[in-house]
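Morning, everyone. Please look at the sequence and the model on the screen.

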Amino acid sequence: MPDQTSIPDLTFDDRGLLPAIVQDWYTGEVLMQAFMNREALDNTLNTGRTWFWSRSRRQLWNKGETSGHFQFVRSIRYDCDLDCLLLLVEQRGPACHTGEHTCFHRSLDGEQLRPAAFEALSRLFELVKQRQRLMPPGSYTTSLFEEGTDTILKKVGEESSELIVAAKGGDREEVTFEAADLFYHVSVLLAQADVSLDDVLEELLKRWK
């Protein structure tokens with residue numbers, strides 16, 4: 001967390017508030033929007049967990065204090081006008097009081113929400129883990145887990161080879177298709193090895209230079 005002496009001169013509104021957008025550190029998904037006053041921001045910086053100001057109750061509140069669904073802050077950013085904050089957090093449990101993972105779980109057009117492009121890998125891994133836990137009959141993913149590590153490793157090897165052949169052939173569409181197949185089978189392998197997608201992302205961050 002940043003040292004409080006390094007905080008810029010933020011522009012609070014006439015009520016002493018700043019809008020604060022909360023985003024998932026791993027997936028990039030927007031989880032919620034709330035408001036912070038100076039004390040809520042100070043508490044967040046001091047504890048590493050999100051604090052906000054409730055406009056209806058007119059009091060401070062610590063996200064997760066009653067539900068246990070805490071948000072652990074990894075980074076706090078501010079916009080170009082210094083009047084809005086973006087908090088990147090590790091979310092424990094659902095962010096929304098309805099039990100949904102995000103407060104933004106409804107669409108204005110009334111259609112069922114589809115994952116955004118940046119959510120594709122995390123949603124894929126969630127689905128693979130769900131298949132591993134429930135083992136629904138008739139599922140290809142279930143059959144891979146039933147056959148075990150050797151079969152999964154064989155499939156990863158096959159898909160890797162198919163991607164190499166596609167790349168060698170210079171067919172962009174085929175490379176895209178085979179890369180998606182490989183991502184899927186690697187996700188199954190990670191689940192089998194009890195390695196999370198978050199673990200892999202953290203390892204990639206360590207290599208950032």
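**Pockets, domains and a helix pair**

The lining of the largest pocket takes at least three residues from each of domain 1 (17–91) and domain 2 (117–206). Those domain bounds come from an automatic or database domain assignment.

Some ground rules. This is a predicted model, where local features need pLDDT of at least 70, side-chain atom pairs count only at pLDDT 80 or more, and totals for chains, interfaces and linings use all residues. Residues are numbered from 1 along each chain as its sequence is written, and side-chain values use heavy atoms, with hydrogens and water left out.

Pocket terms next. On a 1 Å grid over the protein atoms alone, a pocket is an open set of points with protein on both sides within 12 Å along at least five of seven lines; a cavity is a set where a 1.4 Å probe fits but cannot get out; lining residues have an atom within 4 Å of a point. A volume is the space filled by probe spheres set on the points, and points are joined across faces, edges and corners.

So what is the volume of the largest pocket? About 760 Å³. Its lining has 30 residues, and T27, E29, H101, R123 and E126 lie nearest the centre. Strand 6 (85–91), helix 2 (120–134) and helix 6 (197–206) are the elements giving two or more residues each. Helix 2 gives the largest share, five residues. Helices (H or I, at least four residues) and strands (E, at least two) are DSSP runs, numbered from the N terminus. By class, the lining has ten nonpolar, eight polar and twelve charged residues. Asp, Glu, Lys and Arg count as charged; Ala, Val, Leu, Ile, Met, Phe, Trp, Tyr, Cys and Pro as nonpolar; the others, Gly among them, as polar.

The second largest pocket has about 570 Å³. It is lined by 22 residues, with M32, R57, W61, K63 and H97 nearest its centre. Strand 2 (30–36) supplies the largest share, four residues. The classes here are nine nonpolar, nine polar and four charged.

Back to the domains. Their centres, over C-alpha atoms, are separated by 34 Å. Six residues of domain 1 contact eight of domain 2, contact being heavy atoms within 4.5 Å.

Last, the helix pair. Y140, L144, F145 and E147 in helix 3 meet T149, T151, I152 and K155 in helix 4. That contact has four nonpolar, two polar and two charged residues.
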